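Me: I would like to go through a protein model with you. Could you take my questions one at a time?

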Amino acid sequence: MPTKLGSALAIVSLAAAAFIVAPAFAEERSCRGALGAVTVDNLRVPQGATCRLNGTRIKGTLQVQRGATLRASRIRVVGNIHAEGAANVNVARSRIIGSIQVVQGRNSKLTRNMVNHDVQYFENRGVISIVRNRIAGNLQCKENRRRPVGGGNRVQGVKDDQCAGL
């Protein structure tokens, strides 16, 4: 009897193992140059690279690394845009389902975007322009060397600190 029970447990274990699926990991694509109307999971602009996006759909996060430049128009990002130490981050006429965070970078321009969460600029040292965006969360700007410029932004949350007048 123990032999039949052991065999039955082994069969059940093997059957259960057949239904276990390894977790799916989103692919990360690097951008050097240009991407048009394609869909990607996550996108990274590598250190020092320049990436031009036009009509690109990103199902995850868009990351801009140190010294990199992003020029994006009419993109859709389901996740966040995160830039740390970037040379330039320019996003126009785009839809960001998450947040935009630009930290310790140089120049940045946000023009006519729809952002479902927060827009944050912290400790940047270049020119920051934030014009005619619709932001469902907060617009927060702190410790930037130059005060951000712009206006015409509709913010549902709070316009904070250096961005209070935008």
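Me: What should I know about the model and its numbering?

Reply: This is a predicted model, in which local features need pLDDT of at least 70, side-chain atom pairs count only at pLDDT 80 or more, and totals for chains, interfaces and linings use all residues. Residues are numbered from 1 along each chain as its sequence is written, and side-chain values use heavy atoms, with hydrogens and water left out.

Me: How many helices and strands does the protein have?

Reply: The protein has 1 helix and 22 strands; these are DSSP runs, with helices (H or I) of at least four residues and strands (E) of at least two.

Me: What share of the residues is buried?

Reply: Of the 166 residues, 39% count as buried, meaning under 20% relative accessible area with a 1.4 Å probe, protein chains only.

Me: Which strand does β5 pair with over 5 bridges?

Reply: That partner is β8 (residues 69-73), in the parallel sense; two strands pair if DSSP finds at least two bridges between them. Arginine 52 stands opposite arginine 71 in β8. Strand β2 (residues 33-35) is also parallel to β5, joined by 3 bridges, with glycine 33 opposite cysteine 51.

Me: What is the strand order in the open sheet?

Reply: The 7 strands run β3-β6-β9-β12-β15-β18-β21, with parallel pairing. β3 (39-40) and β21 (154-155) stand at the edges with a single partner strand each, so one side of each has no neighbour in the sheet.

Technical notes. Buried means under 20% relative accessible area, exposed over 50%, partly exposed in between (1.4 Å probe, protein chains only).
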